[in-house]
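Dear colleague,

My notes on selected contacts follow it.

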Amino acid sequence: MRDQVRVVPFERLRMTDVESVGGKNASLGEMISQLAEAGIRVPGGFATTAAAFREFLAHGRLGERINARLAGLDVDDVAELARAGAEIRRWVADAPLPAALESEVGDAFARLDAASPGATYAVRSSATAEDLPEASFAGQQETFLNISGLENII
């Protein structure tokens with residue numbers, strides 16, 4: 001998958017795309033392609049890519065702000081880690097998406113909504129390395145259920 005790709009429908013994803021979209025998204029794509037032949041339906045959707053996330057971090061220099069906040073952080077000071085984490089999460093939640101990414105998410109959502117008007121969705125954060133044997137991201141990802149409308153998806 002090319003680096004400039006921001007949004008990919010699940011049906012175009014395969015396990016070879018783990019580096020770009022993470023294991024859960026790649027698995028959904030693989031299930032859609034493999035189980036359709038057996039008549040098993042897997043809900044559709046789309047993934048935003050790691051390249052889109054890097055673009056998001058570069059937009060408004062958010063990545064630089066995060067790195068500056070983490071520089072020199074005493075990792076043994078749990079209270080300070082919690083403060084830094086809360087501050088960074090707030091920055092991420094408040095940061096606008098780059099226009100191109102917001103447009104592509106909007107287009108992907110419009111296709112889903114046209115196929116299933118009024119449907120609700122699951123939105124999940126992911127890490128491209130979360131399923132590796134030597135990595136643990138337990139409890140670090142968010143899942144939001146019954147999300148409706150583009151504004152809430154964004």
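**Helix packing and aromatic contacts**

The axes of helix H2 (residues 50–58) and helix H3 (residues 62–70) cross at roughly 75° and come within 5 Å of each other. Axes here are lines fitted to C-alpha atoms, for helices over the stretch in contact, with angles running from 0 to 180 degrees between N-to-C directions; helices (H or I, at least four residues) and strands (E, at least two) are DSSP runs numbered from the N terminus. H2 and H3 are therefore roughly perpendicular (65 to 115 degrees). Phe56, Leu57 and Ala58 of H2 meet Leu62, Gly63 and Ile66 of H3, contact meaning heavy atoms within 4.5 Å.

This is a predicted model: local features need pLDDT of at least 70 and side-chain atom pairs pLDDT 80 or more, whereas totals for chains, interfaces and linings use all residues. Residues are numbered from 1 along each chain as its sequence is written, and side-chain values use heavy atoms, leaving out hydrogens and water.

The structure holds two aromatic pairs (ring centres within 6.5 Å). In one of them, the rings of phenylalanine 109 and tyrosine 121 have centres 5.6 Å apart and planes at 70°, so the pair is edge-to-face (over 60 degrees). Phenylalanine 109 belongs to helix H5 (residues 99–115) and tyrosine 121 to strand S3 (residues 121–124), 12 residues apart. Phenylalanine 109 is buried at 8% relative accessible area, and tyrosine 121 is buried at 13% (buried means under 20%, with a 1.4 Å probe and protein chains only).

Yours sincerely

Technical notes. Parallel < 35°, antiparallel > 145°, perpendicular 65-115°, else oblique. Phe/Tyr/Trp six-rings, centres within 6.5 Å; stacked < 30°, edge-to-face > 60°. Buried < 20%, exposed > 50% of the residue type's maximum accessible area, 1.4 Å probe, protein only.
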